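Please read them with the coordinates open beside you.

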Amino acid sequence: MKVASIRTNGAAERDGIFAVVDDDLTACRISHPHCGLQSVLDGMDWQVAGPPVAFDPARCFSPLPRAYQFLDGSAYVNHVALVRRARGAQMPDSFWHDPLMYQGGSDGFLAPTDPIVGNPDWGIDFEGEIAVITGHVPMGASREQALAAIRFVMLCNDVSLRNLIPGELAKGFGFVQSKPACAFSPVAVTVDDLPGWRDGTLHGTLKIDVNGEPFGRVDAGVDMTFDFGQLIAHAAKTRNLGAGTIIGSGTVSNKLDGGPGKAVAQGGAGYACIAEQRMIETIEHGSPRTRFLDAGDRVRIWMEDDTGRSIFGAIDQLVQLI
C-alpha cells in the first residue's frame, strides 16, 4: 500500500488527510473518516471513500507532517569514514559495530516541494536518505521485533548546514541549529509492496539531481553497515518508541571499486550529499571545488522501480534566501 498526507483547507490542515495512492502515483482516494496518518498508526479504523481523485505531489505534506520523534542514524559508515579521512582523523573501530544516531527536530517537517530556506553562509546541503515509520517498539526490542514494527518506508532529504556543524559538535552536545527541518517523499510505502526490500534494507538506486544534472545514482542496498532492524533496536535499547517514530538511514554512501567513488559525470555513482563530493575533492586535490547550495538551486531526490516508474514520488525543493 502507498499512502500520502494530502493538504486540505479543513480542520486537519496541519496534518493533512490520510490517502491511499495508486501504484502508478496518478490517483488517490481519501480516508473516511478524515484522519491523519498518525491516527492510522495509532489504530483508528478507516476506509477509503468516494471516487479517486488525481494525485498531485504539490498538494502533499510529508507523509507524517510532524512526528513524535525523528532519529537519524549513520548506517552507511563509508560516509563517516570519508568525513574523517578528509580531515585526517582516525576512524574509531566502534563505528563499525555501534551505530551513530542523533535526535532531530520533528515538530514540523518540510513538505516534499517546500523550499529550503537558509543563508548560503551556513553551507546549505542536502542528504539523500531512506527512512522508515514504525509502529510501537518496546524497550529492549530485538532486531527481529524491530523489523516487524516497520510500517512504512519513504525517502528523506535531511537538510544540513555544514558550516554550522563544526561549532556545534565542538560543544560536545550534538546538533541543533545545523539540522533544520528536513523533508520526506510525497508517498510512503508498506514493505510488502517494495520488491527491493530485503532483510531490513531497501535495494535500489537513489537518484539525486541538482539543477537538472545528475549528482547521485547511489545504491541504497550496497554498503549499509547497519540495517533498519539494527538501527531501530539501537534506538529502543533504553526506551520505548511510540508509533509514528521515524528512523533515518543517514546519507546513502557507496564505496565502489575499492576507492572513494566518482562523480556521475566521471562515470561513477556520484554522491547523496555535496559534502561527500567535497570530501573526495579534498582527498584528491587538497581542497574542495564544489560549492554548497545557493538561492535558486533545485534539488530533486527520487527512486524508480524496474520499469522506470517512481516509487515514492520526488522530493523536489528550491533553495530560497532567508
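1. In what sense do strand S17 and strand S20 pair, and over how many bridges? Bearing in mind that this is a predicted model, strand S17 (residues 205-210) and strand S20 (residues 298-303) pair in the antiparallel sense over 5 bridges. Within this pairing, lysine 207 stands opposite tryptophan 302 in S20. Strands of a sheet pair through backbone hydrogen bonds, and they may do so either parallel or antiparallel.

2. S17 also pairs with S18, to which it is joined by 6 bridges, and these two strands run antiparallel. Here the bridge partner of leucine 206 is valine 218 in S18. S17 and S18 form a hairpin with 2 residues between them, and asparagine 211, which sits in the turn, has a positive phi of about 55 degrees.

3. These strands belong to an open sheet of 5 strands, in the order S8-S21-S20-S17-S18, with mixed pairing. Strand S8 (116-118) and strand S18 (213-219) stand at the edges and each has a single partner strand, so one side of each is left without a neighbour in the sheet. On average, and ignoring direction, neighbouring strands of this sheet are turned by 20 degrees against each other.

4. Another strand to look at is S6 (residues 70-73), where Phe70 and Asp72 point one way while Leu71 and Gly73 point the other way, and all of them are buried. In a regular strand the side chains alternate between the two faces of the sheet. S6 is joined by 4 bridges to strand S7 (residues 101-104), and the two run antiparallel, with glycine 104 in S7 as the bridge partner of phenylalanine 70. With strand S19 (residues 246-248), S6 pairs in the parallel sense over 3 bridges, and there the bridge partner of aspartate 72 is glycine 248.

5. A search of the whole structure finds 1 cavity of 30 Å³ or more, and the volume of the largest cavity is about 40 Å³. By class, its lining has 4 nonpolar, 2 polar and 2 charged residues.

6. The peptide bond from histidine 32 to proline 33 is cis, with omega near -5 degrees, and proline 33 is found in the loop between strand S3 (27-32) and H1. Aspartate 199 has a positive phi of about 55 degrees although it is not a glycine; this residue is placed in the loop between strand S15 (197-198) and strand S16 (201-202), and it counts as exposed, at 62% relative accessibility. Aspartate 223, also a residue other than glycine, has a positive phi near 70 degrees and lies in the loop between S18 and helix H5 (228-235), where its relative accessibility of 30% makes it partly exposed.

7. Are the two glutamines considered here, glutamine 38 and glutamine 145, buried or partly exposed? Glutamine 38, in helix H1 (residues 37-41), has a relative accessibility of 16% and therefore counts as buried, the cut-off being under 20%. Its C-alpha atom is separated by 9.4 Å from that of tyrosine 68, which is 30 residues apart from glutamine 38 along the chain. Glutamine 145, found in helix H3 (residues 143-148), is partly exposed, with a relative accessible area of 43%. The C-alpha atoms of glutamine 145 and aspartate 114, 31 residues apart along the chain, are separated by 35 Å.

8. As for the protein as a whole, its secondary structure comes to 6 helices and 21 strands. The radius of gyration is 19 Å, which agrees with the value near 20 Å that a compact globule of 322 residues would have. Along its principal axes the C-alpha trace spans about 60 × 45 × 40 Å, and buried residues make up 52% of the 322 residues.

Key:
Residues numbered from 1 in each chain as written. Predicted model: local features only at pLDDT ≥ 70, side-chain atom pairs only at ≥ 80, totals over all residues. Heavy atoms only, no water. Pairing = 2+ DSSP bridges. Axes fitted to C-alpha atoms, helices over the stretch in contact; angles between N-to-C directions. Buried < 20%, exposed > 50% of the residue type's maximum accessible area, 1.4 Å probe, protein only. Rg over C-alpha atoms; globule rule 2.2 N^0.38 Å. 1 Å grid on protein atoms, 1.4 Å probe; cavity = no way out; pocket = protein on both sides within 12 Å on 5 of 7 lines; lining within 4 Å. Points joined across faces, edges and corners; volume = space filled by probe spheres on them. Nonpolar A, V, L, I, M, F, W, Y, C, P; charged D, E, K, R; others polar.
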